[in-house]
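Subject: Structure for your review

Dear colleague,

Please find the structure below, followed by a written account of what was found in it.

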Amino acid sequence: SSERSINFSAGPAIIPESVLQKASKEMLNWNNTGMSLMELSHRSGPFKELIAKIEQDLIDLLKIPETHKVLFLQGGAHFMFSGVPLNLMGENGKGDYILTGNWSTRAMNEAKKYGKVNVVCKPDEFNKIPPKEEWNLSTDASYVYYCDNETVKGVEFPDIPDVGDVPLVCDMSSNFLSRPFDVSKFGCVYACAQKNFGMAGLTIAIVRKDLIGKQLPYTPMMLDFELQAKANSMFNTPSTYAIYIAGLIFDWLKEQGGLEEIAKINLKKCKLIYDAIDNSNGFYKSPVEIKSRSRMNIPFVCKNKEWESEWLEGAAKLKLVSLKGHRSVGGFRASIYNAMSYEGCEKLVNYMIDFMKTKE
Ligand code: PMP
């Protein structure tokens, strides 16, 4: 509706309006229970049915094979930075880390507490995915870890990396559900909220079943994949409302035609913005190598740093908000998750061009 901002935040991020409307309609009385979903016991029949439906919807959307288990967890991606080594390092006490930005680096630093790490590659600047020839994979790692889309600098893997038989672990927090992918290639893939699903408070992990049960003895209960899997993500009180909102978003994704269709729109959206940058004759610049450019988070700068605040103020007047670059990078960043419409991206591009004209 007209009072809603066109929100380019990197997270928590824009949510489809129809989802918010549905949640609002159901706020006081969910599914004829006479109470808000927030007030409903997680041990009640209706909630158990709901979480089973939501899990099935995710399985359908991603075509998750029988070999993998879905876990609804808490604590954000940061909890998984610890959860990954605690659960998966056991075998050889060593994790391989592909570093392509600050999130993968942070995950590696956490893993050092629990075992050995090997840096597979680390570009001088986090503005590209180094080619495989430059990778230094170990022969005895328990897993290979990477971040599919580094949200801060906007660097995304074009394809799932091939690491042979070693279990591949992936932080997909900022591009999960933006396109289909082959879950069977992963030992563990996880995503925090809220970017393409959720609300904050929920983290989804999809773990290969044969890797469950290898946790280190001092793994906290809440991070123990085996306990969580056996309890079907209900070991303790799960983030019930956040799970419900994720469910509404899965319904919305299905209405959009599923991940194949969403991927097509996402590609059109990012092309529109990257074209505007590339066709601006150097007025705008993307700091990321072309083939590693993110489809979700687009950082860019304009020719004169001194125009940045004027640019942001002008954008805000048009309700184009949350476009300031990450504090460590500066410039601008447009995060265009699933819920950002093509029309929203068009408005941004028109504004970028109009602003450029005022400086010519
Ligand atoms: N990984 C990625 C790729 C992210 O984008 C973020 C959040 N922006 C995180 C990890 C950290 O997530 P959280 O705040 O949920 O721990």
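In strand S14 (residues 332-335), Phe-332 is the bridge partner of Phe-300, and Arg-333 stands opposite Pro-299. This is a predicted model, in which local features need pLDDT of at least 70 and side-chain atom pairs count only at pLDDT 80 or more, while totals for chains, interfaces and linings use all residues. Residues are numbered from 1 along each chain as its sequence is written.

S14 is joined to S12 by four bridges, and the two run antiparallel. Strands here are DSSP runs of E with at least two residues, and helices are runs of H or I with at least four, both numbered from the N terminus. Two bridges join S12 to strand S11 (residues 284-285), again antiparallel; there, Tyr-284 stands opposite Cys-302. Two strands are taken to pair if DSSP finds at least two bridges between them. Strand S12 (residues 297-302) is largely enclosed by the rest of the structure, because five of its six residues are buried. A residue is buried if 20 or more other C-beta atoms lie within 10 Å of its own, exposed if 12 or fewer, and partly exposed in between, with C-beta atoms placed from the backbone.

Turning to the helices, H2 (residues 45-62) and H6 (residues 240-255) pack at an angle of about 40 degrees, with their axes 9 Å apart. H2 is therefore oblique to H6, given that angles under 35 degrees count as roughly parallel, over 145 as roughly antiparallel, 65 to 115 as roughly perpendicular and the rest as oblique. Axes are lines fitted to C-alpha atoms, for helices over the stretch in contact, and angles run from 0 to 180 degrees between N-to-C directions.

Met-38 lies in the loop between helix H1 (17-25) and H2. Met-38 counts as exposed because it has 10 C-beta neighbours inside 10 Å. Met-38 and Ser-239 are 201 residues apart in sequence and 9.3 Å apart in space, C-alpha to C-alpha.

Finally, the ligand. The residues around it include Gly-76, Ala-77, His-78, Trp-103, Cys-147 and Asp-171, where a residue is near if its C-beta atom, placed from the backbone, lies within 6 Å. Helix H3 (residues 76-88) gives the most to this shell, with three residues.

Yours sincerely
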